[in-house]
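Here is a short note for someone opening this structure for the first time. Please read it with the sequence and the 3D view side by side.

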Amino acid sequence: MKNWIAAGLAAAMVGLAIMVMQRGESPTPQTYNPSLATLIDLETGAFAPLNAAWNLTLPADHGPHLGTQGELWSLSLWLHDADDRHFAFQASTARLALTARAVARDSAWAANQLYRAQLAASLPGEARVRTSQRLNRAALGLAGATTQPVRIWVEGWSLAASRDGSRLDLEIADGDFSVQLALTPLKIALDGRDLGLFVQRQDSPDLRAYLMTRLEVTGTLSIAGKQTDVRGGAWLDHLWGNLGVPDAAPALNRIAIQLDDGRDLLCLQLRPRSDEGTPIPTCALVLADGQVQSFQRREIRLEPTRVWQSKDTGKRYPVAWQLVIPLIDLELAIEPRIADQELDLAAPYWSGSAQIAGRQSERQLGGHGWVEVTDLDASEQPQ
């Protein structure tokens, strides 16, 4: 579990730090120096350790954990309208603490926390993913997060929770694209430690995560001034902790799937960046009643079946996959809805919606998913 949280959170923090450096934002009045060390307090023990006795408490844990170094809220959504047009998008917000101790400054613009909101949307009639982002400091109401009530916002984008935790509300206003959605959990939230992912590795007391793998979504979506009622499903990941920022984001491939029969799958693959070693997969199957069944590397075959190369960056990504879990006689084909879903908002990677088809024993299965993959080394192209 440590690998999944560390990889996801580190990638978000590195991306946010890179964006800050590209914009020339410096947390101090000193001469700008483009290094992560000037942006983040990497002093050992600078951030207070997390409480080892932590238990997931909602709705409070939907909110920010401001004593930690970084945090990520990520929502994947699959929607459709009355004409059966399909809309898929991922909305995420990352928080980065510039230092472990707030620095007192006279300016009202001064802030110790940075927030980035990021959108990747696959929309009807569009041949490539639509991307957008907002970056701002937690000052003058431009961005921030609160616990009572729970609300996380960056300019006109916000995620809020009802006081009893029975509903989440997502609002995005981005040019000619906007949504107002209500999300209702259909399953209990799962503590990341209960998923059994990478169980052979030591858990970390300084990393936390929970998932809500199935939420019912209703609301409105507007494109170019045309509003439509939509409904569908969503998946929420919330990660936070203290890492220290590595030199590069970990090589992690992640596939989240909602099957039509009410079950959900999270599969991760740690991949060496060189041609030495083999990828390590792990999967957690969340049953319709919220119970979890975990599978480790020798019980899984998770292999790419097609590579797509970006014309913009030249990078190659494994965008189609086959998943086989012999223990439960499960076979799934994972195909992207559109090939061009590369994101190049801070550092390039591929993140997009997928269609799922397959079988378990003699029963046919379908569904949808969200795939996030790093680029391939030349030695790793599937045959």
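1. Ser74 sits in strand S1. Strands here are DSSP runs of E with at least two residues, helices are runs of H or I with at least four residues, and both are numbered from the N terminus. Ser74 is buried, with a relative accessible area of 8%. Buried means under 20% relative accessible area, exposed means over 50%, and partly exposed lies in between, with a 1.4 Å probe and protein chains only. Setting aside neighbours within four places in sequence, Ser74 contacts Gln90, Ala91, Ser92, Trp235, Leu236 and Asp237. A contact means heavy atoms within 4.5 Å.

2. A word on the basis of these values. The model is predicted, so local features need pLDDT of at least 70 and side-chain atom pairs count only at pLDDT 80 or more, while totals for chains, interfaces and linings use all residues. Residues are numbered from 1 along each chain as its sequence is written, and side-chain values use heavy atoms, with hydrogens and water left out.

3. Now the overall picture. The protein has two helices and 22 strands. Of its 383 residues, 55% are buried. Take the contacts between residues at least 6 apart in sequence: 59% of them join residues at least 24 apart. The protein exposes about 16,600 Å², and carbon and sulfur atoms supply 48% of that area. Accessible areas come from the Shrake-Rupley method with a 1.4 Å probe; for residues, only the protein chains shown count as cover.

4. How many cavities of 30 Å³ or more are there? The count comes to one. A cavity is a set of points, on a 1 Å grid over the protein atoms alone, where a 1.4 Å probe fits but cannot get out. The largest cavity has a volume of about 130 Å³. Grid points are joined across faces, edges and corners, and the volume is the space filled by probe spheres set on the points.

5. Which residues line the largest cavity nearest its centre? They are Ala91, Ser92, Thr93, Leu159 and Leu170, from a lining of 15 residues. A lining residue has an atom within 4 Å of a point. Strands S1 (70–80), S2 (86–97), S7 (157–161) and S8 (168–174) each supply at least two residues of this lining. By type, the lining divides into 10 nonpolar, four polar and one charged. Here Ala, Val, Leu, Ile, Met, Phe, Trp, Tyr, Cys and Pro count as nonpolar, Asp, Glu, Lys and Arg as charged, and the others, Gly among them, as polar.

6. The whole structure holds one disulfide. The cut-off is a pair of cysteine sulfur atoms within 2.5 Å. Cys267 and Cys283 form the link, with their sulfur atoms 2.1 Å apart. The link of Cys267 and Cys283 is right-handed, with 110 degrees about the S-S bond. The pair joins distant parts of the chain: Cys267 is in strand S14 (residues 264–270) and Cys283 in strand S15 (residues 280–286), 16 residues apart. Are the two cysteines buried or exposed? Cys267 counts as buried because its relative accessibility is 1%. Cys283 counts as buried at 0%.

7. Two cis peptide bonds deserve a look. The bond from Leu58 to Pro59 is cis, with omega near 15 degrees. Pro59 is in the loop between helix H2 (36–39) and S1. The bond from Gln148 to Pro149 is cis too, with omega near -5 degrees. Pro149 lies in the loop between strand S5 (143–146) and strand S6 (151–154).

8. Glu155 has phi near 55 degrees and is found in the loop between S6 and S7. Glu155 counts as partly exposed, at 37% relative accessibility. Ser361 has a phi of about 55 degrees and lies in the loop between strand S21 (349–360) and strand S22 (363–373). Ser361 is partly exposed, at 36%.

9. Last, Ile338. Its place is in the loop between strand S19 (330–336) and strand S20 (342–343). Ile338 is buried, with a relative accessible area of 18%. Not counting residues up to four places away in sequence, Ile338 touches Ser122, Glu126, Ala127, Arg128, Val129 and Trp350. The C-alpha atoms of Ile338 and Gly352 are separated by 8.1 Å, with the two residues 14 apart along the chain.

Conventions:
On a 1 Å grid over the protein atoms alone, a cavity is a set of points where a 1.4 Å probe fits but cannot get out, and a pocket is an open set with protein on both sides within 12 Å along at least five of seven lines; lining residues have an atom within 4 Å of a point.
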